[in-house]
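User: I would like to learn how to read cavities in a model. Please take me through them.

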Amino acid sequence: MQTALKYLVARRDLLHTLAWREIRVKYKQSVMGMLWAVLMPAVIVFAGVLVRYGFAIFSGKSLETDDIASVSVRAIPWAFFVSSIRFGTNSLIANTTLVTKIYFPREILPMAAVLSQLMDFVVASVVLIVVLAVLHVGVSVQLLWLPVLIAILVLLTTGLVLLLSAASLFFRDVKYLVEVLLTFAIFFTPVLFEASMFGHWYTPLMLNPIAPVLEGFANVIVRHVPPPLPWLGYSAVVSVVLCCGALAVFQRVEPYFAESV
Amino acid sequence: MSQFALRLDGVYKKFRKGELYDSLRDLVPALTRRLLGRTNGRAPGGSLAQREFWALQDVSFGVARGEAFGIVGSNGAGKSTILKLLSRIMRPTRGTLSVDGRLSALIEVGAGFHPDLTGRENIFLNGTILGMTRAEIKQRFDAIVAFSGLEEFLDTPVKRYSSGMYARLGFSVAAHVEPDVLIVDEVLSVGDYLFQQKCFQRMNEVMAGGATVVFVSHNLRAVARMCERSLLLERGRVIEIGPTNAVIRTYLSRSQQARGGDAERDLQITEVSVTGSGEPRVAFETDEFVEISVAATARTAHRDFSVVISIVDENQYLVFDTCTQRLGMGPLTLEAGETLRTTFRVQLRLAEGTYHVNAYLHHYVTERAYERWLLATTFFVAGTPSVRGVANLAPSLSQCEKAMAPPAAPSVAVLVE
């Protein structure tokens, strides 16, 4: 595995180029261009505001700006997670000609898919900063948690994408399974709502390893408090184990890609 | 460091006909069967289960550093499988394989292109996929573009390219990787004559730089020209490894020949061979003297026939034809059980190309062929760059001087009633 990692580092130019290709291709011949990076989080925020408004009417409270800010802050990492998984799962199948014709470390394809989505994440974040400024959400020292949260998010996403891309190369079922799960995952994940709204359902909700990350984003940016620490530790462990395990599995099955695709 | 740049040792590769488990629904029953110990899905390593077949069996060879090595064989012999194993796209079922140094494969040029990206963008994309760093590509960018001859279309998306342009750009990128081992598979069939010459030149440059080349092609002339040693594959097995001339001769003699004639086969051509300076060969220089031999056996007595040979080019057009009768030999006669060997000495005043030899036993009176062996053997002629076409008419320049053109006379015809 160490030699494999060394090889990956040696081919980092390829990772950059492939990610850059995805970004180029995505925005070519499209009228909206970079606006697409903002559209999906914007739709999530819109849905979130609607849900929160419903909650507010139900509980007899008014909708606060903090609620809107909280949904916005969760929407962007969630959009990154969903589109990375969707796009990354297909990254090997979509590049069949490369997989069967040219040798290079195949991990680079799913990784480049995640990296290209990270670009959208950055674009959307810039818009988010403007929105937060308008909503008068201040800054605090808690923002120093952001690199940690982003690292966990990227590791978790990469691990899942590595596993799913390899699995869908052998079984096309995986692709459809992922579509179904992604469609409904938003109901099991604290994106539109906060995990704490659900009382004793808090623990099962937080077992979803992405939940502490999203809660963390909302905590440090909007509420200026640290992330839910034991839970974030749990997420970090799951992410690291998943990513290493996925890489090991990926490299075990890689020799069979060309003849099984 | 071994003396071999690459080496295969007892390599086997198994493939499966039909489909693998194509969905989870098929996998679950198959897995349960395996867990229950009924191994009818997959046999233990080494033997073949149903629907499996060997694409390669016990293939061993080594290629020395700086050597050009050819692989020939008919379709389905396993040539491309060897190349895929060498380039690490696939792994062997059994056996070991080692490659020393950076390997680049011209297997399907342009495979990494994205249709929506421009030529310029695709040079960077394809270059990094093939293992170059961005810095290396920048440094060789001008050379790549100049080689492809596509300067004008660099900023056009490659989906608007013709297939020839596509292949040219692909080859240009791949040819500038500067590998230690270069694998070439049938890519030289792209582009026009001039581009092919450029490709050959580039391959020679790569070889002159000390790289090892493995060359796979149906163009036997190209193999004969490039490679000193070759390997003949037939249905996944090595038939022969040795000097290219000998390997190609074996290949040609084993492949299907068009034979036929009007009479029963009791007068038969048994051998057609081309020899130069005393040994059977397939590659010759232009103007070289060669001997074409035809051997025949009679089971019953035959009289009044002649032996005819003809040489045709790649497109089966007749280039040359002669026979014993026209060379002053009277009607030939064979008694039952006798054999006959005729040898024609010819000078190959041919331009560069691939030529086939046809042999006939021709009956004098009825003007019909007893026996006909078309494309009995094949040979290649390496020419001089000064001559193209089929015949080498040994040109030389006897005059090339300048003079003032005479004033142009009015050349108007006036029609008068």
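User: How do the residues of the lining of the second largest cavity divide into nonpolar, polar and charged?

Analyst: Rolling a probe the size of a water molecule over the atoms shows where empty space is left. A cavity is a set of points on a 1 Å grid over the protein atoms alone where a 1.4 Å probe fits but cannot get out; lining residues have an atom within 4 Å of a point. Here the lining of the second largest cavity has 3 nonpolar, 2 polar and 3 charged residues. Ala, Val, Leu, Ile, Met, Phe, Trp, Tyr, Cys and Pro count as nonpolar, Asp, Glu, Lys and Arg as charged, and the others, Gly among them, as polar. This is a predicted model: local features need pLDDT of at least 70, side-chain atom pairs count only at pLDDT 80 or more, and totals for chains, interfaces and linings use all residues. Residues are numbered from 1 along each chain as its sequence is written, and chains are lettered from A in the order in which they are written.

User: Which residues line the second largest cavity?

Analyst: A:E22, A:I23, A:K26, A:Y27, A:F87, A:S116, A:Q117 and A:D120. In chain A, α2 (12–27) and α6 (108–134) each give two or more. Helices are DSSP runs (H or I, at least four residues), and strands too (E, at least two), numbered from the N terminus. α2(A) gives the most, with 4 residues.

User: What volume does the largest cavity have?

Analyst: About 70 Å³. A volume is the space filled by probe spheres set on the grid points, which are joined across faces, edges and corners. The lining has 14 residues; A:I102, B:E108, B:V109, B:G110 and B:L130 lie nearest the centre.

Terms used. Heavy atoms only, no water. 1 Å grid on protein atoms, 1.4 Å probe; cavity = no way out; pocket = protein on both sides within 12 Å on 5 of 7 lines; lining within 4 Å.
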